[in-house]
Amino acid sequence: MAEIADVHATSPTEVMVQGKTPGETSLIIWDTHGGRQFFNVTVRPNTSALNDHLDAIRRELRTELPGQSLKVSAENGSIFLRGTVKDLNSSERAVKIATAGLPPVVAGGAAGKVVNLLNVDVPPGDQQILLKVRFASIDRSKETNFGINIFDLGGLNTVGGITTGQFSPPTITSSSGTTGATATFSNELNMLVLNPGGLPFGVDIEAMEAKGLVEVLAEPNVLAVNGKQASFLAGGEYPYPVVQGGSGGSGSSVSIMFKQYGVRLDFIPTITPRGTIRLQVAPEVSALDFSNAIQVSGFNVPAITSRKMKTEVELGDGQSFVLGGLLDNRDTETFTKIPFLGDIPILGKFFQSIAKKKNNTELIVIVTPEIVAPIPAGSPLPQLKTPGKFLPPNSGIPMNNPDAKTADNTLPPAPTAVPVEKLIDSMRPGPSLVVEGSSGFGSASGSASSTAAPAPPAQ
């Protein structure tokens, strides 16, 4: 083949064969008597030049990866790497060095390549990070109410009443003219003065002062592998209906959705090359708010009050940071009065209605990440203290831990080195954890639908 070798006749009795590219071909020579001789010609690259390239690669590998067992060989223009390196980074560097040392491509020839046949020492397990979080939520409130309802059942030859309108007055009904009136109370407030047998004149007063204090404290400890997400939820999910209109004359349907509430934490810890911990953290504290509830198809659906944040910080092992300043201070005042009567000095207070409400809420989150290790095998484990004894087992046989490890239930020892591609394949993320019937901590809601009779629109 002309692509592999050329033949030139230098004299009537001599020929010269000149190789062009590596390969094999055939040569036929005829003599003066008409006889033929067949030759198999194999063209190989210049070994001295190839050895120079391989020696240069070996020198660079010894300099860059000292103390690691590496072997370099070449075949048909390709370079083969064999041996064992300590980690994937060393394997990648070895491939880059061998790629840079590939021999130049001869005209008409195919480009060589680097074949990675290296093994990698099995790395230790990923480090685990324990996140200690303390939630402190303080909600203080102070409320003052004052209102008055004045009514007459006929003692002054008059049936009627005066109210500031903030609190429901009694319903007055007259049976015969201006006498014999009755009062029906839906709310007696907290002070009621009435003398039906004497002067049928009454006063209904609301004068209340209330103070409230709500504290929410949680101290979750969540463990996560380096670079993996973890979640924590102390609370629950409440169902709420969603009315959807039907089509084609069919009745509307009601879908039941679920909303999470409580103390929740989502975070991703990552150990940096500096030995610090970069932390993406999103704490949240939420609660059901029935004061702002709405009615949907006869269902009382509460609102949710929530305080949440999302941030990214970098800490050393055992260091802490505090997320504070999440204050919510509210001061609400409502004042109503009866015109003219409410402006009378001193006596005008009986014709006024005042409601004051103050809320003070603060949320503090303290986060401390720590790099931890499992409890060594065979070490004593922490025991739980229970206030009472458990019921005996039904079988009458006392409970015991599984038997000690034997040859039948012991895993074989882990290999010290594995091929590069096998190690990379084992490091790929596996399938996500799916819990049936739950929406998961990371999503806002799940759903379960049911069909109901035609329901009125949402109010």
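At the start of α2, which backbone nitrogen does a side-chain oxygen of D87 reach? The backbone nitrogen is that of N89, and the oxygen of D87 comes to within 3.4 Å of it, where a polar contact is a pair of N or O atoms within 3.5 Å, one of which, within protein, must be able to donate a hydrogen and the other to accept it, residues adjacent in sequence counting only if both atoms are side-chain atoms. This is a predicted model, in which local features need pLDDT of at least 70 and side-chain atom pairs count only at pLDDT 80 or more, while totals for chains, interfaces and linings use all residues. Residues are numbered from 1 along each chain as its sequence is written, and side-chain values use heavy atoms, with hydrogens and water left out.

**The four-stranded sheet**
- Four strands form an open sheet in the order β5-β6-β7-β22, with mixed pairing; helices (H or I, at least four residues) and strands (E, at least two) are DSSP runs numbered from the N terminus, and two strands pair if DSSP finds at least two bridges between them.
- The edge strands, each pairing on one side only, are β5 (69-75) and β22 (417-419).
- Strands β5 and β6 (residues 78-85) run antiparallel and are joined by seven bridges; V72 stands opposite L81 in β6, and K71 has R82 in β6 as its bridge partner.
- These two strands, β5 and β6, form a hairpin with two residues between them, and N76 in the turn has a positive phi of about 55°.
- Strands β6 and β7, by contrast, run parallel and are joined by seven bridges, with V114 in β7 as the bridge partner of I79.

**Helix α2**
- The 13 residues of α2 should span 18 Å at 1.5 Å a residue, and its end C-alpha atoms are 19 Å apart, which agrees; the expected span is 1.5 Å times one less than the number of residues.
- Within α2, the buried residues are L88, S90, S91, A94, I97 and A98, where buried means under 20% relative accessible area, exposed over 50% and partly exposed in between (1.4 Å probe, protein chains only).
- These buried residues of α2 pack against α1, β6, β7 and α3 (420-426), a contact being heavy atoms within 4.5 Å.

**V85 in strand β6**
- V85 has its place in strand β6 and counts as buried because its relative accessibility is 1%.
- Although V85 and L70 are 15 residues apart along the chain, their C-alpha atoms are separated by 7.5 Å.
- Not counting residues up to four places away in sequence, V85 touches Q68, L70, S90, S91, L118, N119, V120 and D121.

**Nonpolar cores**
- The largest nonpolar core has 20 residues, and those with the most contacts inside it are F135, F267 and V365; such a core is a set of buried Ala, Val, Leu, Ile, Met, Phe, Trp, Tyr and Cys residues joined through side-chain atoms within 4.5 Å.
- Two or more residues of this core come from each of β8 (128-153), β14 (221-225), β16 (253-271), β17 (277-296), β20 (321-337) and β21 (352-372).
- Apart from this core lies another, of 18 residues, which includes I57, A94, L118 and V120.
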